Amino acid sequence: MNETIAYKKPTSLYETFDRKGSGETCTHYCPGCGHGTIQKLIAEAIDSLGIQDRTIFLSPVGCAVFAYYYYDTGNIQCSHGRAPAVATGVKRTRKDAVVISYQGDGDLAGIGMTEIMHAANRGEHITVFFVNNAIYGMTGGQMAPTTPLGLKTLTTPFGRDYGRDGRPIGMAEVMNALVSPVYIERCSVSNPKDLLRTRKAITKALENQIEGKGFSFVEILSPCPTNWRMTPVDARHWIDTEMSRLFPVGLLRDTEETGLCAPHCVPWMDDSQLLAFLEGKKDPVIETGARVPGGTQRIQIAGFGGQGVLSAGELLATCGMNSSLSVTWLPSYGPEMRGGSAHVSVILSDEPVGSPLVERPDVLLAMSTPALDHFEPLMAPGGLVITNSSIVNRPLRRSDLHHVAIPATTMAKEENLVSAANVVMIASYILISRIFDLDTLRRCIPMVLRKKDLLKKNIALVDKAATYVQEYL
Amino acid sequence: MNLVRVCDDECKGCAICVSVCPKGCLAMSGELNAKGYEYVSFIENSPCTACGLCFLSCPEPSALTVCRIKEES
């Protein structure tokens with residue numbers, strides 16, 4: 001007797017699914033759920049195409065939220081409905097990746113309608129698997145955009161009514177109204193014939209991406225026996241007899257033409273090319289001599305809107321980029337262009353930065369009194385506070401912080417450039433921390449400054465700040 | 001002669017495999033597994049062709065394994 005295995009668990013799924021303790025091998029799906037079947041077909045396709053090492057699987061919000069516990073591939077769990085936007089970012093930065101956006105009908109056709117429309121319209125080189133079970137499953141069976149008319153759900157107890165609730169949306173047809181997608185098919189997992197067709201469609205949609213053809217969209221009619229209140233076998237029968245009349249299965253588009261998002265549309269500059277572009281030079285100077293105290297500086301710059309707080313952060317971050325540091329720049333401001341409060345978090349680091357949030361600043365550049373009031377208590381022990389003493393006239397309340405007072409606004413006024421107090425603050429910080437050479441700052445100001453005719457005055461202010469700080473210290 | 005190996009504790013008793021098998025090789029076992037589901041069982045010596053429809057339609061990744069068996073000549 002010679003035994004060979006014809007079908008077994010795909011290798012692109014983990015051996016165990018350790019969501020609730022180790023050793024579990026069952027999924028979290030209800031008996032007869034379509035997700036399990038569809039995810040197995042996708043895993044099989046990943047295996048047979050040999051793309052496990054470069055697949056990035058995007059889990060949605062919905063019952064499939066835990067797909068990252070199942071797929072032994074790259075995984076990202078996306079905010080509700082945003083998977084096509086995440087897919088866009090991932091694919092444009094990792095062109096060799098095979099990016100799968102796996103979404104349900106509430107996720108894709110409800111809250112995420114915008115993201116799917118625009119990703120499809122741009123012809124992003126991604127594969128979207130749209131699992132349509134005509135209901136919100138995870139939250140307990142509310143009406144979805146795809147719920148058939150007359151169907152009773154938790155939120156349509158008398159059945160969906162077109163006057164009150166609108167009509168069900170056929171997403172494959174909506175996709176077909178756009179020019180950019182290269183492949184659109186609607187399938188079903190309700191019977192063996194359609195199941196095998198779905199298997200082919202999944203493979204084709206992934207092959208399209210591997211071959212760089214463009215945006216592929218596969219809608220899969222999928223049973224939700226629990227929320228439909230049917231047995232798993234009856235639920236599949238209901239797809240064949242009822243749901244597929246509303247959402248007919250079939251191929252809507254398969255074009256030989258390549259989609260819109262051509263290779264030249266995605267970023268192609270490396271760091272030095274980007275700097276050259278910003279600096280307007282062919283051969284940029286990238287410095288490597290930055291000395292970041294402690295390896296990472298978490299800097300909060302805060303003040304009134306109009307004081308150039310956000311630009312100050314941009315200037316500092318640009319200096320960091322020019323010095324081969326990892327940087328982040330995270331602005332926070334109100335709707336007012338002038339007079340509201342504004343602050344910006346900048347991180348300069350020798351290491352890649354995980355999160356741009358600054359909760360315990362090492363450095364505070366306080367350009368107004370409310371800014372000092374707000375951020376002083378949050379400072380890391382022993383941190384550096386530079387205040388704009390033209391406006392902030394109180395001493396620090398904490399004794400463990402280093403305080404330097406610079407009359408930034410006054411100095412800027414003396415140069416007839418009151419808006420450049422921010423440059424004085426940044427110059428002071430660089431001088432005090434010695435993180436960069438002042439030449440780095442001088443070189444970066446033109447990259448950030450929008451009014452080029454003020455360049456000389458800005459550079460003069462840097463020198464003025466340098467003199468002041470040297471005398472002060 | 002082929003066969004389907006059922007991992008009893010992986011089965012959630014949805015019976016989809018029973019409904020799709022063209023040769024009637026699978027049936028509900030009448031027994032409950034550790035999770036409380038009535039699991040399916042493969043009918044010994046039934047004419048399985050190893051077509052894989054049961055495996056492909058089963059929502060659980062490791063409940064079913066389809067084996068092809070060749071008699072050695």
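Helix 14 of chain A crosses helix 15 of chain A in a right-handed manner (a crossing is right-handed if the near helix is turned clockwise from the far one by less than a right angle, and left-handed if anticlockwise; helices are DSSP runs of H or I of at least four residues, numbered from the N terminus). The model is predicted, with local features requiring pLDDT of at least 70 and side-chain atom pairs pLDDT 80 or more, while totals for chains, interfaces and linings use all residues. Residues are numbered from 1 along each chain as its sequence is written, chains are lettered from A in the order in which they are written, and side-chain values use heavy atoms, without hydrogens and water.

The axes of helix 14 (residues 421-433) and helix 15 (residues 438-448) of chain A come within 10 Å and cross at roughly 150° (axes are lines fitted to C-alpha atoms over the stretch in contact, with angles from 0 to 180 degrees between N-to-C directions). The two helices are therefore roughly antiparallel (angles over 145 degrees). In this pair, A:Val423, A:Ile426, A:Ala427, A:Ile430 and A:Leu431 of helix 14 meet A:Leu438, A:Leu441 and A:Ile445 of helix 15 (contact means heavy atoms within 4.5 Å). By class, this contact has eight nonpolar, no polar and no charged residues (Ala, Val, Leu, Ile, Met, Phe, Trp, Tyr, Cys and Pro count as nonpolar, Asp, Glu, Lys and Arg as charged, and the others as polar).

Helix 15 of chain A also packs with helix 16 (residues 455-472) of chain A, their axes coming within 10 Å and crossing at roughly 160°. That angle makes helix 15 roughly antiparallel to helix 16. This crossing is right-handed. Among the residues in contact are A:Arg442 of helix 15 and A:Asp463 of helix 16; the contact divides into eight nonpolar, one polar and two charged residues.

Between the chains, the contact takes 34 residues from chain A and 33 residues from chain B. Chain A and chain B bury about 2800 Å² between them, 63% of it on carbon and sulfur atoms (accessible area, 1.4 Å probe, lost on being put together and summed over both parts). B:Phe55, B:Leu56 and B:Pro61 supply 23% of the area that chain B buries against chain A, more than any other three residues. Two salt bridges are counted between the chains (a side-chain nitrogen of Lys or Arg within 4 Å of a carboxyl oxygen of Asp or Glu). One salt bridge joins the side chains of B:Lys35 and A:Glu24, at 3.3 Å from N to O.

Notes:
Angles under 35 degrees count as roughly parallel, over 145 as roughly antiparallel, 65 to 115 as roughly perpendicular and the rest as oblique. Buried area is the accessible area (1.4 Å probe) that two parts lose on being put together, summed over both.
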